[in-house]
Amino acid sequence: MTSEMFQLILMTVVTAATPLILAAIGELVTERAGVLNLGVEGMMIMGAALGFAGAYASGSTTIGALCGIVAGTLMAALFGLLTIGLAINQVASGLALTIFGLGLSGLLGTGFVGLKRDAAPQLHIQGLSDLPYMGELVFGEDPFVYAAILLVAGTAWFLSRTRAGLALRATGDNHQSAHALGLPVRRTRFLATLFGGACAGLAGAYLTLAYTPFWSPGMTAGRGWIALALVVFASWRPWRIVLGALLFGGATVLQLHAQAASFGLPGQLLSAAPYLATIVALLFLSSGARRNAAAPAALGQPFIAPR
Amino acid sequence: MINEREMHAAPLLSLRGIVKRFGSFTANDQISLDIHEGEAHALIGENGAGKSTLVKIIYGLLEPTEGVIAFHGQPVRLAGPEAARAQGVGMVFQHFSLFDNLTVAENIALVLPRKTPLSGLRDRIAEVADRYRMPLDPDREVWSLSAGERQRIEIARCLLQDPRLIILDEPTSVLTPQEAYALFETLDRLKDEGRALLYISHKLEEVRRLCETATILRLGRKVGSCDPRQESSRSLAALMVGSAICDIRSPATRDLGSERLTVSHLSLASEDIHGVDLDDVSLSVRCGEIFGIAGVAGNGQSEFFAALSGERLAQSHEAIRLDRLAVGKSDITERRKRGAAFVPEERNGHAAAGDFSLTGNFVLSRHATVGLISRGLIHFGKARALTAEVIATFDVRKAGEDPAARTLSGGNLQKFVVGREILSEPKILVINQPTWGVDAAAAATIRQALVDLAARGAAVLLISQDLDELFEICDRIAVMHEGRLSKAREARGVTREEIGLLMTGDGPEGSAHAH
């Protein structure tokens, strides 16, 4: 295998991992605030549909990405109104949001099926991007990849270093105490949920704007669920999300190559490999002594302020 | 001094005609009181008297339905805890308002004003900890700390805001006697600095030690105020309850028979990451004996209860014996059929299913032992009759014919779950924290029932944090600390201080374990 080919494979791994990183980092923030939003898949597919529609209509990838973010945020706002405003069960609402998003995106995207546009351009820095072995991998990705890494770094910094991040973690750990200290529990949770929606929307837009530059219904293909699993896999820590997403992305790409090489294994089994790998990783990590130690203690519990 | 100040300056805090209603229930009814600078003011009353509601109003957590709150004579509307803190009110909560997964420093940073730089915080914590002699490690995560250490965080957090009035809600309820003693020294120092204290407790000795004024609440109303130093604990108790409480009658001598419950070398790893592993626990309880297990909550008591009741199975079948029969690996029903009965600590959700009727709850625990079920069908008539017997015998107050368990007050539900087990005439009763959060009258009923049961020849194992309770009714007392059980001591031959030392792990055996 030439170094060029190796670099190409690594780049496809990064591309496969990016939507997962984006969606998972948003869900991580939501969950650290104590909200379990199972609607990631629904927010993501809405971001994919509207992101493509916006980009196609305007001809601008940036506007498309913004449309995707807005779509995800609106979906999250709906979820927030139900679960934070009205204290409705989060699991049921999240599942409903996914089903709703899958249906609505299919409806809104009907007119865009079969259309094509160019994928988002990749960075090119004279000299640096042409370096052998790693040049293109490090300096030749599309802008979403860099945005995802910046987002993870920013989130890690926000959660561990700022007062607002501390308040957010406290809200997810014990909402009664947070309320007793005068922290705005519901506002914090609502904003965290919106952030999660924006990230999921951007992740969806990435699929239609860079990953596969066209729209087809149901194209998120369970990536929202994988992102949800990644948050647990990462024990709610931002940088571990990147690790987990690369692992899953790597498994996805490897199984494609394995199918091409046709080892005689059924293709369906190979397609299932990344999911199996994720489950095994989850089992392995959750059997440790301090299992769930990092899990926000108030995760999924509705908060009703006594007044 | 105080009288002079009362004449010249408006009180630091005055409440006038505070009313708080939750629906049709009136938690506070026309309560007025004044607190002056530097005054230690006690708020006493039974559980459910409205003490916690009142302090939540003062701290801005609840809005009064009617009435005026004034600071230095100025009426103020408190929109939330931040508004109360701005008026110089600090609060140390009864159930700690701490975040388990955050560090000590992070927990403290959360309540400081927004602009406070987090960088110098470490030094300020160290300074406060040093001034009031409360050792604190800013980098530890809260879940790894003891109740006494957690309370120090609450107090340090409160003090960093430099409050003029500090509210302490039942601060000693989870402390060992030694920790409580250290707390009083800190509080004395605060009083010397001219800060006012509002001290909520139903432990009257503490109130007499610390406070110069007391406001007494009963059923949401203020029934009087007094200088607690001029009153006896007995007269204060009578004011609180509204009538004198009878003493527990115990038989003069009890014949202790054969061993009924034997635990030998029971070790069990906890399933909970924040739980405590049981380490080589051995004890035996004989016929007619009440055996007490003291200890600060979270030292393995719930794990021990689960192992005894069969909610968790022991590693070896012989580790637990009921009337000499090994049951370590038998399930709950099997143990009940051998004549054992169990009352867990949490009445709502563990001892009783909140949404089930009382009859339903009766069936849940007694189905296997009184022939309530034949061919898979429940004899509801019989269940109802037996439930009615429990209700009548233990004077369970309820609304409606057969209400859901959660609608009963804490004391009444506790009387029901205890009565349900005791009326089955168990040969062995294991009971965890039977009078926690229960009013004095119900607590006395329950303790009397335990004494009477033992007098009829049963073995009773009582797990409790309440040393008064243990000394009142137990024959022998052992202390559980970090999953280990001390040697049992005759209750008549041991002092509170000795038990207290064992509760902190500093007793003679505690240090022996360490070597």
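Start with chain B and its two domains: their centres, taken over C-alpha atoms, are 33 Å apart. To see them, colour residues 2–241 as domain 1 and 259–514 as domain 2; such bounds come from an automatic or database domain assignment.

A quick word before we zoom in. This is a predicted model, where local features need pLDDT of at least 70 and side-chain atom pairs count only at pLDDT 80 or more, while totals for chains, interfaces and linings use all residues. Residues are numbered from 1 along each chain as its sequence is written, chains are lettered from A and ligands numbered from 1 in the order in which they are written, and side-chain values use heavy atoms, leaving out hydrogens and water.

**Stop 1: a sheet in chain B**

Select S12, S11, S14 and S15 of chain B, in that order: they make an open, antiparallel sheet of four strands. (Strands are DSSP runs of E with at least two residues, helices are runs of H or I with at least four, and both are numbered from the N terminus; two strands pair if DSSP finds at least two bridges between them.) Strand S12 (278–286) and strand S15 (325–326) of chain B each have a single partner strand, so one side of each has no neighbour in the sheet.

Now zoom in on S11 (259–268) and S14 (320–322) of chain B, which are joined by three bridges. Which residue in S14(B) stands opposite B:Thr262? Look for B:Arg321.

**Stop 2: aromatic rings**

Over all chains there are six aromatic pairs. (Rings of Phe, Tyr and Trp, the last by its six-membered ring, pair if their centres lie within 6.5 Å; planes under 30 degrees apart are stacked, over 60 edge-to-face, and the rest tilted.) Select A:Tyr56 and A:Phe112: this pair is edge-to-face, with 6.2 Å centre to centre and 80° between the planes. A:Tyr56 sits in helix H2 (40–58) of chain A, and A:Phe112 in the loop between helices H4 (90–108) and H5 (135–139) of chain A, 56 residues apart.
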